[in-house]
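Here are some friendly notes to read alongside the model. Please keep the sequence and the 3D view open as you go through them.

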Amino acid sequence: MSWNIFEILETAADVFSVVATAPVKDSEARIRKKDKKKDKYFTEKVSAGFILASAVLFFVVFHKPLPIGDQTTALIVASLIGTAISSLLFFLLNLMELYYFKSIFKLLLFSCSVIAFFIALVMCVYYKSGVFI
């Protein structure tokens, strides 16, 4: 009886295909459904966190009148810097294949909240550090 390497590989492939197509147990299906259910509102929760943090930062910046100077230019520059930082974050998330959304609403909610957070963060650093004024 001679053993052919291709027959052995074919038999192994048949075994693996049977194992791979085996039905999923009920407990495994429940665990998968539970994990899927747990992550159902993940994007909304992260977006709400960014919105809450940006609201706090905007309050810190704007609760007192802004210092005398060219306020319009400073606000525009801070907005552009915050938008550039958030664009860099979106690019990195896209490279890691994490910037995928099932609906346009989730995409807009997440993107706008991240942009608002970084704009608020740059304004807070700009006005509260005292270095730039």
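The points below go from the overall fold to single residues.

1. Ground rules. This is a predicted model, in which local features need pLDDT of at least 70 and side-chain atom pairs count only at pLDDT 80 or more, while totals for chains, interfaces and linings use all residues. Residues are numbered from 1 along each chain as its sequence is written, and side-chain values use heavy atoms, with hydrogens and water left out.

2. Overall fold. The protein chain contains 5 helices and 0 strands, and its pattern along the sequence reads α-α-α-α-α. Helices (H or I, at least four residues) and strands (E, at least two) are DSSP runs, numbered from the N terminus.

3. Contacts and surface. Of the contacts in the protein chain with a separation of 6 or more, 79% are between residues 24 or more positions apart; contact here means heavy atoms within 4.5 Å. The chain has 133 residues, and 19% of them are buried. Buried stands for under 20% relative accessible area, exposed for over 50%, and partly exposed for what lies in between (1.4 Å probe, protein chains only). The accessible surface is about 10,500 Å², with 70% of it belonging to carbon and sulfur atoms. Areas come from the Shrake-Rupley method with a 1.4 Å probe, and for residues only the protein chains shown count as cover.

4. The annotated spans. An unreviewed UniProt entry gives the annotation "transmembrane region" for residues 42-62, 74-95 and 107-128. UniProt positions are given in the numbering used here, feature names are shortened, and annotations may be inferred rather than shown by experiment. In the model, residues 42-62 are 100% helix and 0% strand, with end C-alpha atoms 30 Å apart. Residues 74-95 are likewise 100% helix and 0% strand, and the C-alpha atoms at the ends of that span lie 32 Å apart.

5. A nonpolar patch. Which residues make the nonpolar surface patch of about 410 Å²? They are Leu-88, Phe-91, Leu-92 and Leu-95. Patches are made of residues with over 30% relative accessible area and no salt bridge, joining like charges within 9 Å and nonpolar side chains (Val, Leu, Ile, Met, Phe, Trp, Tyr) within 5 Å. A salt bridge is a side-chain nitrogen of Lys or Arg within 4 Å of a carboxyl oxygen of Asp or Glu. Leu-95 belongs to helix H4 (residues 71-95) and is exposed, because its relative accessible area is 55%.

6. Aromatic pairs. The whole structure holds 9 aromatic pairs. Phe-58 and Phe-62 are stacked, because their ring centres are 6.2 Å apart and their planes meet at 20 degrees. Rings of Phe, Tyr and Trp (its six-membered ring) pair if their centres lie within 6.5 Å; planes under 30 degrees apart count as stacked, over 60 as edge-to-face and the rest as tilted. Both residues sit in helix H3 (residues 42-62), 4 residues apart, about one turn of the helix. Phe-58 is partly exposed at 25% relative accessible area, and Phe-62 is partly exposed at 41%. Phe-101 and Phe-110 form a tilted pair, with 5.6 Å centre to centre and 40 degrees between the planes.

7. Around Phe-101 and Phe-110. Phe-101 is buried, with a relative accessible area of 17%, and Phe-110 is buried at 10%. Both belong to one aromatic cluster that also takes in Phe-50, Phe-90, Tyr-99, Phe-117 and Phe-118. Thr-43, in helix H3, touches Phe-101, Lys-106 and Phe-110, not counting residues up to four places away in sequence. Is Thr-43 buried or exposed? Thr-43 is buried, because its relative accessible area is 17%.

8. Two C-alpha distances. Gly-49 is in helix H3 and is partly exposed at 37% relative accessible area. Its C-alpha atom is separated by 9.6 Å from that of Val-114, 65 residues apart along the chain. Ala-84, in helix H4, is partly exposed at 45%. The C-alpha atoms of Ala-84 and Ile-119 are separated by 9.4 Å, with the two residues 35 apart along the chain.

9. A backbone angle to check by eye. Glu-97 has a positive phi of about 60 degrees although it is not a glycine. Most residues other than glycine have a negative phi. Glu-97 lies in the loop between H4 and helix H5 (104-129) and is exposed, with a relative accessible area of 69%.
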